[in-house]
Amino acid sequence: MPALKRTPLFAFNQQHGARFVDFGGWEMPVQYRSILEEHRVVRQRAGLFDVSHMGEVEVTGPDASRFLDHLVTNDVAKLFPGRVLYSAMCQPDGGVVDDLIIYCRGAQDFLVCVNASNTEKDVAWILQQAAGFNCTVRNLSDDFALLALQGPASAAILQALTSFDLGALKYYHCAAGTVAGAECLIARTGYTGENGYELFCRPADAEPLAVALLAAGQPHGLELAGLGARDSLRLEAGYPLYGHEISATITPLQAGLGWVVKLDKPAGFIGRDALRAQQAAGVPSRIVFFRTGDRRIIRAGTPVVDAAGAVVGEVKSGTLSPVLNEAIGSALVQTGAGELSVDVRGTAIKLIPVRPPFVPLPPKS
Amino acid sequence: MPVPSDCKYAKSHEWAKRLPDGAVLVGITDYAQHSLGDITYVQLPQVGAVLAAGESFGVVESVKAASDLYAPVAGTVVEVNEALNAAPETVNTDPQGGGWMLKLQPADLAGLDALLSADAYQTLIG
């Protein structure tokens, strides 16, 4: 097995008591103190995440916009410098290669942020599809660290460290700016459902930046948060995670991501015909979010049965909502299946369908 | 990590403490709770259940995983810690105090003697 990769903040994380896990080939902080506590801190105050494992792919050149529009399901043509877009990138059969975020830095300059565990696969796929387009695709993953500052106190904390007017930065927008002396791409994005920022910076700047953010955040109750809290926060918000709610065999339409699939955009996109057919026929199975009213966590992989006891699906994500104090999760379930339940160590537990988010989230604007 | 010397220990990371009335209090060690992380649920047997030494008596669940709990000694369950239903995190904060799980009436006293001393358990967890 190859050695696990480490982020530029590995030593910093170690000093701050992180516990590490192997996440997609990366030795990542899963928690610093307590996953449940870090989760609540992000909902109530603010949390700082090292997400430098995420992949960054740069697409530049005269055809960059046209190529990305062909590559992904959402409408890239409507992007302008400073605008950010969430999308799926599909196979011809509609299955998902990855979900990603596109940061438009200039009319011919895009940064695409992809899942860490998919980076190599994505770069190969993107390069393959780019043939015939006048654009340059570069894997810049080693050139960026990424810090996510998330939670209601984020703006106040970040504003103390930059002269850039954060009030002017709307949700899903980005701008170049200097934070605590470090040149960053500052983005109003995140994976927690809270208001917050993601800061792309040079690897060498990551540690001084994290130190400055922690210091500025101290009066606001900022704490470091790990991937454990990141996962429960995203699930409470109802955001998909690749390999769980979306995958090579679960299309964006099945995952409830129809809003990022622009079937009618003029240039079309890879996977459009398959997705259009699936839309017309109706999805055979779909992702259902659920709560249980019980504290027992329903783990991914647990079979889901209907009222007659027939297996009609499988749990894809499951955790304890630290806010609701009950188990929440998602399952891929056959369309039309009625009442759903799972067996946990001999006890039948009913799944109560929920339209996410599971908890009230702040408005995004 | 604290390993109180008034308890005996199982290799599976449960502790057993002899009470003045002859009963034995059972829970998991500080090392165990730390390895598990945030504990979210504790499933315990009914009062009256008869357990063999080493028999699974319940499950402790953390955000990460569910793990079986094993009886360090044979005996009959005379009380379970009902407070853990509402506050399982007590196992994290006070594993060898308020986070106790079972009170057993031991089948015999030889069972306790077979367990590890605090020193031996400390050596085991390094």
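Student: Is B:Tyr9 buried or exposed, and how does one decide?

Tutor: The general idea is to count neighbours: with C-beta atoms placed from the backbone, a residue is buried if 20 or more other C-beta atoms lie within 10 Å of its own, exposed if 12 or fewer, and partly exposed in between. In this predicted model, B:Tyr9 has 24 other C-beta atoms within 10 Å, and therefore counts as buried.

Student: Which residues does B:Tyr9 touch, leaving out those up to four places away in sequence?

Tutor: Two residues are in contact if their C-beta atoms, placed from the backbone, lie within 7 Å. By that rule B:Tyr9 touches B:Trp15, B:Thr29, B:Leu115, B:Leu116, B:Ala118 and B:Tyr121. B:Ser117 is 108 residues from B:Tyr9 in sequence, yet their C-alpha atoms are 6.3 Å apart in space.

Student: How are the residues and chains labelled here?

Tutor: Residues are numbered from 1 along each chain as its sequence is written, while chains are lettered from A and ligands numbered from 1 in the order in which they are written. Because the model is predicted, local features need pLDDT of at least 70 and side-chain atom pairs count only at pLDDT 80 or more, whereas totals for chains, interfaces and linings use all residues.

Student: How many residues of chain B are in contact with chain A?

Tutor: Seven residues of chain B are in contact with 11 residues of chain A. Strands are DSSP runs of E with at least two residues, numbered from the N terminus, and on the side of chain B that touches chain A, strand 4 (39–43) and strand 6 (56–62) of chain B each give two or more residues.

Student: What share of chain A is buried?

Tutor: Of the 365 residues in chain A, 48% are buried.

Technical notes
Helices (H or I, at least four residues) and strands (E, at least two) are DSSP runs, numbered from the N terminus.
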